Amino acid sequence: MAGRLSTAGHDLVLWSRTREHAEALAGRAEVARSPAEAGSKADVAITMLTDGGALEEVVHDRDGLAEGLGSGSLLIDMSTTGPAPARKVAKALEARGVGFVDAPVAGSVGPAAEGTLAIMVGGAEEAVGRARPLLEVLGDPERTWHVGPVGAGQAAKLMVNLVLGGVTVAVAEGFTLGRVLGLSPDDALDVLEGASVATQTVRSKRDKLRSGDYGDPGFRLALMHKDLRLAVDAARAARASLPGTERVAELYAGAKGGGLADQDYAAVAAYLASMAPLLEHNPPEG
């Protein structure tokens, strides 16, 4: 994402909690020593972090962004944090004259590099208008939605990942069932891709499901679990129940506890396969 902004002609000042990530673009951007230093040199700051705790730490801790951003500047947070942290940070920055937009994304490494991310945006019209030219570099303008005030972008992102996590579990369970009942992996995947409502998930994860190799994650399983928990917590706060999603979140928690946290989120299929002893042997035909 930083590379795309640089290619589009924007001057960048970078900071990362993992310094080598920023240094990888040192030839194309200045590398700051702290979030405050980066913010002091920017009219617009963009954050992409793990969760709400990381966002609050980077913004509010000593030498955080809030110390560097000047009145009239703008923070675009593209992390997935849930609505409450977005609103909390926005309110704190408002007192300093700093605007805030929450703009979480759907899409992993490939769409980020290609600038085809889907982006769900929350914020005031004026702030979103300032953010939009940058968002158009990072994502697909046809799939960039301004869905309401601060926090609304986060609500939309949780909705999307709730569905994505649930569909992926359904595909993994269907694949497991087909195999234990005697279908070859290729036949099972052919039918799931061609006949099921989860075609896009099967198509995008087919190679990983077929090989059982989930070690090159487009989106880490631990992050999917985090987003599902955020969705469940947000529903509870709104006095709603999501029993299916709770069970899906439990499955991702089990996979995470089984050592798959840093694998692709489709590795939930490996966790399900571990509960199917027949898959350790050749399944019976028919």
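## Overall picture

A residue is called buried when its relative accessible area is under 20%, and by that cut-off 46% of the 286 residues in the protein are buried. The structure described here is a predicted model, and the values in this report are to be read with that in mind.

The protein has 14 helices and eight strands. Its radius of gyration is 21 Å, close to the 19 Å that the globule rule gives for 286 residues, so the protein is as compact as a globular protein of that length. Taken along the principal axes, the box filled by the C-alpha atoms is roughly 70 × 45 × 35 Å. When contacts between residues at least 6 apart in sequence are considered, 67% of them join residues that are at least 24 apart.

## Where helix 9 meets helix 13

Helix 9, which covers residues 152–180, and helix 13, which covers residues 243–260, have axes that come within 10 Å and cross at roughly 70 degrees. Because angles from 65 to 115 degrees count as roughly perpendicular, helix 9 and helix 13 are described as roughly perpendicular to each other. The crossing of these two helices is left-handed.

On the side of helix 9, the contact is made by L162, G165, G166, T168, V169 and E173, while helix 13 contributes T245, V248, L251 and Y252.

## Two buried loop residues

Y214 is placed in the loop between helix 11, residues 199–211, and helix 12, residues 221–237. Its relative accessibility is 6%, and Y214 therefore counts as buried. Apart from neighbours within four places in sequence, Y214 is in contact with K208 and L209, and also with Q263, D264, A266, A267, A269 and A270.

L12 lies in another loop, the one between helix 1, residues 2–7, and strand 1, residues 13–14. With a relative accessible area of 15%, L12 is buried. Once its neighbours within four places in sequence are left aside, the residues in contact with L12 are A2, L5, S6, A29 and E30. The C-alpha atoms of L12 and E193, by contrast, are separated by 42 Å, and these two residues are 181 apart along the chain.

Although D63 is not a glycine, it has a positive phi of about 65 degrees. This residue lies in the loop between helix 4, residues 52–60, and helix 5, residues 65–68. D63 has a relative accessibility of 36% and therefore counts as partly exposed.

R239, which is likewise a residue other than glycine, has a positive phi near 60 degrees. R239 is found in the loop between helix 12 and helix 13, and helix 13 is also one of the two helices in the crossing described above. At 81% relative accessibility, R239 counts as exposed.

Terms used:
Residues numbered from 1 in each chain as written. Predicted model: local features only at pLDDT ≥ 70, side-chain atom pairs only at ≥ 80, totals over all residues. Heavy atoms only, no water. Axes fitted to C-alpha atoms, helices over the stretch in contact; angles between N-to-C directions. Helix = DSSP H or I, 4+ residues; strand = E, 2+ residues; numbered from the N terminus. Parallel < 35°, antiparallel > 145°, perpendicular 65-115°, else oblique. Left-handed = near helix turned anticlockwise from the far one by under 90°. Contact = heavy atoms within 4.5 Å. Buried < 20%, exposed > 50% of the residue type's maximum accessible area, 1.4 Å probe, protein only. Rg over C-alpha atoms; globule rule 2.2 N^0.38 Å.
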